[in-house]
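Okay, everyone, let's get going. Have a look at this one while I bring it up.

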Amino acid sequence: MRSTIMKRTSRWLGASALALLVGIGGVSTAFVMTGQAATAQVQNAAQIIVPEAAQPQAGFADLVEAVKPAVVSILVEAEESPRSMQRRGGDFDFNFPDLPEGHPFRDFFEQFGDQFGGPNGRPDQPPRQFMAAGSGFVISADGYVVTNNHVVQDATKVTVVFDDGTEQVAEIVGTDERTDLAVLKIEGTDLPFVNFETEASRVGDWVVAVGNPFGLGGTVTVGVISGSGRNIGGSNYGDFLQIDAAVNTGNSGGPAFNTKGEVVGVNTAIYSPNGGNVGIAFAIPAATVKGIVDQLVEDGTVTRGYLGVGIQDVNRDIADGVGLADAKGAIVSNVAEDGPAGPAGVKSGDIITAVDGDPIDDALDLSRTIAGKSPDSSVELTIWRDGAETKVSVQLGTLNEEQIAQADQAQPPVPPAPLPAETSVGLSLVPNADGAGGLLVQNVEPDSAAAKKGLAVGDAILEVNNTPVNSLEEFEAALDAVKAQGRGTALVKASRDGNDRFIGLPLSD
C-alpha cells in the first residue's frame, strides 16, 4: 500500500472538482495476508459461520479462527511503464512535508528521484519489472475474490495464496479505479467465503482487521469504527469508514470484520505524516463494495448515472443569499450543454436539496447519490429556485471519462479590460473583453468582505442574485435588489480560470 497523506485543497476548486460527476475516486494504501492454519465452520457451500460465543468480552480468537481461511494473500508480478511510474510514484514514497524549499535533501530527491522510481522518472526508461503483495478475501464458494485496484494495477500475473499455503493463479475479472476496487476469479466449487454485513455498522462498533502489515504474515488488529462518511484525498465519492484498528503498508484490499464475521469494509487508505500507522485508517464501506462488485462480476465494468452539472456545497452565506433556511444541498454552478440536466430544466443557481425524496447534504452527497443510480433511469430532483421549492424530473445519462475530462478542463482566462470602476463592496470592476459577458475584478480592498470570501484580481463576476451583470450599473442595481428583499447577503456567481463558483457575499449597511 502506498500511504495516503491528506492534503488541503484550495477553497476555490475544492467543490469544482465534482463538476459534471454527479457520478468514487480511487485512493491508494494498504495490503493484507493470513497466517496460521485455522479450522472454519462450513455450512451451505462453505459459507463461514462465526460461533455465537465469539463475543468481545471473551476476545476475538474464535472469530479470527473462523474467518482466516477466507482471507487470502495476493502476490502480483507487474510491469510498470515510466509514465505509470510518474503517476504512481513507484515504490519510493516522497513524503517530506517538512523539508523547506532549497533544503539539500529536497533538492536531491527532486533531481535524482527517477533513479528510485520516483515522480521524476525519465520517459526513456524501460518498463520496470516488480513484485508486490496485497490481500483480499473470498466472497463466493466458486472463487470470486475482492481486493483493491491498486494492488493488481499493471499486473501481468496474479497469484492468490490461501491460509494453508494453497496457491492459484487468478484472473482479473474487472477493476474500478474510482473506488479502488477489483474482483479476481480463481477455480473452486466449495471454497470458504465470507459475506458482507446485512445491517450497516455504526460509529463505535468493533472492527477486526486481518492483514499482512510490512510482510509480517497473518496479523490481526482490533479497534472501532471511529467515523463514517469521510471524504479523503479529494475523492469525488468519499463516504469512507474511519477505523482505529492498526492498518499499515501491507493491509490493502484486506477485510475489516464485525463481531459476526461479516465484512464491514475493505481497508484502503491511511492518514499518515510518516508512512506508518497513527490510528487513522479508512475502509470502503460494505454497501459501496457490494454494489461495485456486483457490477464487476456481472459485466466486468462499472456504469454510473450522469446528471451533467457542476456543483458545489451550500454554505451559510449562500443559503442566506437565496433565502434557504438550512445550509444544505448542492448548488449548480454550471450545466453541461450535452448533459441530461439542461433539457430537463435544471439551471445554474439551482440548489438541489433532494433526489427522489432523499435529502442531499452537500455536493459530495449528490455526486454519490447520482453515481449510485442506473444510467437511463429517471430521478426527481427537489430544487430551491427564486425563493421557492420546485421539482424537476431528469433521465440520467451514463458517466464516462471523456465527460469528466471535459468537466475538469479549464478555459483560458480573459485578459482584463482597462478603466476599472469601484463598487460598494470593495471591488474594482471592468466589463469583460471580447463580449464574453460579466465583469472582471481589477482590484480587491484587503479588508473587504469580498477579499475575505476569496475573490481576487482576475476573477470574473457573472451574476448577482441569479441576474447576469455586464456593467457596474447592473452590478449595483442587483445588490440594491438584494437589499430591497431584506437580505444581507448577495449570491454572486464568479469564475476563475473557467471554473464557476457561487459565493455568498455579505453586504454592508
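Predicted model: local features only at pLDDT ≥ 70, side-chain atom pairs only at ≥ 80, totals over all residues.

Residues are numbered from 1 along each chain as its sequence is written, and side-chain values use heavy atoms, with hydrogens and water left out.

So, how many salt bridges does the structure hold? Eight, where a salt bridge is a side-chain nitrogen of Lys or Arg within 4 Å of a carboxyl oxygen of Asp or Glu. I'll go through some of them.

Take K290 and D294, with N to O at 3.2 Å. Both are in helix 5, residues 286-299, four residues apart, so about one turn. Helices here are DSSP runs of H or I, at least four residues, and strands are runs of E, at least two, numbered from the N terminus. K290 is partly exposed at 42% relative accessibility, and D294 is too, at 40%. For the cut-offs, buried is under 20% relative accessible area, exposed is over 50%, and partly exposed is in between, with a 1.4 Å probe and protein chains only.

Next, K453 pairs with D317 at 2.1 Å, N to O. K453 is in the loop between helix 10 (449-452) and strand 26 (460-464) and D317 is in helix 6 (residues 316-322), so the bridge ties together parts 136 residues apart in sequence. D317 is buried at 14%, whereas K453 is partly exposed at 30%.

Last, R385 and D350, with the closest N and O atoms 2.7 Å apart. D350 is buried, at 2%.
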